[in-house]
Amino acid sequence: MNVYELLTQYGDKYILALLTTWKLTALAFAFAFVIGIAVTIMRICPVKPLRFAGDFYVQIFRNIPGAALLIVLVYALPYLNLVWSYYVCVLIATSLLPSAFCSEYLMAGMNTIDVGQIEAARSLGMTFFKMIKNVVLPQALRSSILPMTNLLVATMLTTALASQVPMNPTDLTGIVSYVNTRAVGGVTAFLISALLYCGTAVVIGQLGNLIDRKVRILR
């Protein structure tokens with residue numbers, strides 16, 4: 001089948017798959033961002049056990065394969081009486097993996113902050129959390145826009161894990177299997193999904209560059 005025939009017959013499915021991928025990406029990135037901030041605060045806090053727990057979290061989820069994590073969530077946890085829907089399992093997997101990298105990017109952003117600002121905040125009597133909220137985190141975020149943009153694209157690609165479980169509606173990767181089990185889509189089915197992935201990534205990249213130019217800290 002050519003592109004026109006595929007889009008005529010399965011165009012609505014591709015649109016639904018694209019929307020599913022966008023929804024998964026947005027939710028997973030939002031959760032990853034919140035978790036990443038929490039883990040980063042743990043890694044720099046004065047309490048040693050919390051610093052160890054934060055570093056341990058990053059080392060685990062930065063190095064575990066996404067498919068392995070999804071297998072644990074879908075097939076291993078039910079033995080512990082923890083049974084979640086396929087959608088929830090995919091969302092958890094695609095949130096935990098990027099959250100570790102989010103913490104790393106925030107740590108790198110914090111390294112750009114001048115030590116004098118930290119000392120000034122302490123001299124003013126700021127508590128640890130007040131200093132993080134008002135001095136450290138805002139600057140770290142502004143310095144991490146482009147890495148976070150790349151992380152958002154990577155999160156979108158990670159949502160392809162949804163194709164490994166019978167989730168309905170499926171994502172842009174899963175729609176390829178759906179089409180090829182019902183028609184001779186071949187490489188063309190992959191091509192359409194790839195173009196939709198690329199188009200979304202280009203838009204994300206352009207928005208990231210625009211935001212970076214507006215909030216970039218000039219040194």
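This is a short chat about a few features of the structure above.

Reader: Hi! What kind of model is this, and how are residues numbered?
Author: Hello! This is a predicted model, where local features need pLDDT of at least 70, side-chain atom pairs count only at pLDDT 80 or more, and totals for chains, interfaces and linings use all residues. Residues are numbered from 1 along each chain as its sequence is written, and side-chain values use heavy atoms, with hydrogens and water left out.

Reader: Great. How many salt bridges does a search of the whole structure find?
Author: Three. A salt bridge here is a side-chain nitrogen of Lys or Arg within 4 Å of a carboxyl oxygen of Asp or Glu.

Reader: Which residue does Asp-55 form a salt bridge with?
Author: Arg-43, with the closest N and O atoms 2.8 Å apart. That pair links distant parts of the chain, with Asp-55 in helix H2 and Arg-43 in helix H1, 12 residues apart. Helices are DSSP runs (H or I, at least four residues), numbered from the N terminus.

Reader: And is Arg-43 buried or exposed?
Author: Arg-43 is buried, since its relative accessible area is 15%. Buried means under 20% relative accessible area, exposed over 50%, and partly exposed in between (1.4 Å probe, protein chains only).

Reader: What does Glu-104 form a salt bridge with?
Author: Arg-43 is one partner, at 2.8 Å between the closest N and O atoms. Arg-62 is another, at 2.6 Å. Through shared partners, Arg-43, Asp-55, Arg-62 and Glu-104 are joined by salt bridges into one network.

Reader: Nice. Changing topic: where is Thr-94, and is it buried or exposed?
Author: Thr-94 sits in helix H4, residues 86–110. It is buried, because its relative accessibility is 0%.

Reader: Which residues does Thr-94 touch?
Author: Leaving out residues up to four places away in sequence, Thr-94 touches Ala-28, Thr-155, Thr-158, Thr-159 and Leu-161. Touching is contact, meaning heavy atoms within 4.5 Å.

Reader: How about H3, which residues are buried there?
Author: In helix H3 (residues 66–76), they are Gly-66, Leu-69, Leu-70, Leu-73 and Val-74. They lie on the same side of H3, because they cover an arc of only 120° around the axis. The arc is taken from the directions from the helix axis to the C-beta atoms.

Reader: What do those buried residues pack against?
Author: The buried residues of H3 pack against helix H2 (48–63) and H4.

Definitions and conventions:
Helices (H or I, at least four residues) and strands (E, at least two) are DSSP runs, numbered from the N terminus.
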